[in-house]
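Dear colleague,

I am passing on the structure that you will find below, followed by an account of what was found in it. Please read the two side by side.

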Amino acid sequence: MSRPSLDEKPKHCTDAVVLAGSKGTQAFAVGGKQVWKPYLELGGKPLVCRVVGSLLQAERIGNVYVVGDPGALRLALTPLMDRYPGRITLVPEGDNLVENCFRAFFLHILTDKGLLKIECENLDPEHLRAYHQRHREHKKIPALFVASDLPFISADAVDAFLNLVPEDAELAFGIVDHKHLEKMRGVLGEDVGLDMWKLGALHLSGESVRLNNLFYVRPLSANPMVYPLLLKLYQHRWLLKQDGSVDSGNWWALSKSMMAYAYRLPGRMRFLRAMVNFIPAVSAMFFARITSRIGRGKWLAKPYRVLLRRRDMEFVGSLMVGIRGYLTMSPHPGPAIDIDVEESYRALIDNQERAYRKIKLYLENEFR
């Protein structure tokens, strides 16, 4: 498949949503000014420009919808909007990340495909439920949701992930083998600051993985009740503290939210099956993470990891959420490296961006 020309919208591709909002997030202090993460510069370009540019170059991506402050985004993305006319849409942000996902998909992607506009400007479960009922035939329409703080995302990484997503997937979380990140830190050394990204892993049976910040979703396949759940999951998403230890409070909050949501879905037998699998799986993940940090951690964690096969995790997650979900292993670790805290960004820009250039060169040579 050849790359699409600059003025041609690719056909039969997945549209992408870049989440570049600033509400509810913390600005970074750079050069005496407050700068929101999407507009932090590396290699002379804002991060949001790097992410959007990589998506536009990917063979599997159609249009790109960027959610945030339209004025600031237009300043940052003007070169790309001129180069790829008609393929970038700026979406005004809402009050939180889930609201931003709703606005991009329901108010723009669907209407651009000729579907009737939903009868609400903000996320409303009742309007969503009615819209789902009217448009069941369009539940296969997908979108790729991407964060805007990924300095090492590439078009090849995006294509590789989408090529591996199963055809029947209604939800696919991108993951990467943690060995790639461990090897990179070993080759480049501690001075590049990779430890500041909290390179903690989810220890499964036979493999350790980390999310790579690429999320494939078919929103019309999900029960509308999932949106309040997603907001709670986002608010308690930090399963590890800054030092890499387990944040038990967030683990408990996530578990409670998942169980409450699963209980409200239709089908009591489905709920019982989900609980029988979910509670042991979460407990095993929790203890596998704790024991992996103690002395001979790999051996202590092994009994818990036996219960955590990737296929089992997909089965449990699908039961809990009510849609078919997958953990899709991507061969490219670049998107897994995001910028969570200010120290991470400072590590990249120190000494004329020495660490940024070293990591970028390593990824380009190892994962072409």
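Which residues form one aromatic cluster? They are F102, F105, F106 and Y131, in what is, please bear in mind, a predicted model. A search of the whole structure finds five aromatic pairs. For F105 and F106, the ring centres lie 5.2 Å apart and the planes meet at 80°, and because planes over 60 degrees apart count as edge-to-face, this pair is classed that way. F105 has a relative accessible area of 1% and is therefore buried, and F106, also at 1% relative accessibility, counts as buried.

As for the protein chain as a whole, its secondary structure comes to twelve helices and twelve strands, and buried residues make up 52% of its 368 residues. Among the contacts with a separation of 6 or more, 74% are between residues 24 or more positions apart. The chain exposes about 17800 Å², of which carbon and sulfur atoms supply 55%.

The helix α12, residues 342-366, deserves a separate paragraph. Its end C-alpha atoms are only 27 Å apart, whereas a straight helix of 25 residues would span 36 Å at 1.5 Å a residue, and α12 bends by about 125° at N351. Several residues of α12 are buried, including S344, Y345, A347 and L348, as well as E353, A355, Y356, I359, Y362 and L363. The cover over the buried residues of α12 includes the strands β2 (28-30) and β4 (41-42), together with the helices α1 (47-57) and α6 (178-188).

With kind regards

Methods:
Residues numbered from 1 in each chain as written. Predicted model: local features only at pLDDT ≥ 70, side-chain atom pairs only at ≥ 80, totals over all residues. Heavy atoms only, no water. Helix = DSSP H or I, 4+ residues; strand = E, 2+ residues; numbered from the N terminus. Buried < 20%, exposed > 50% of the residue type's maximum accessible area, 1.4 Å probe, protein only. Contact = heavy atoms within 4.5 Å. Areas by Shrake-Rupley, 256 points an atom, 1.4 Å probe, with all protein chains shown as cover. Phe/Tyr/Trp six-rings, centres within 6.5 Å; stacked < 30°, edge-to-face > 60°. Expected span 1.5 Å × (residues − 1). Bend = angle between axes of the 7 residues up to and from the residue.
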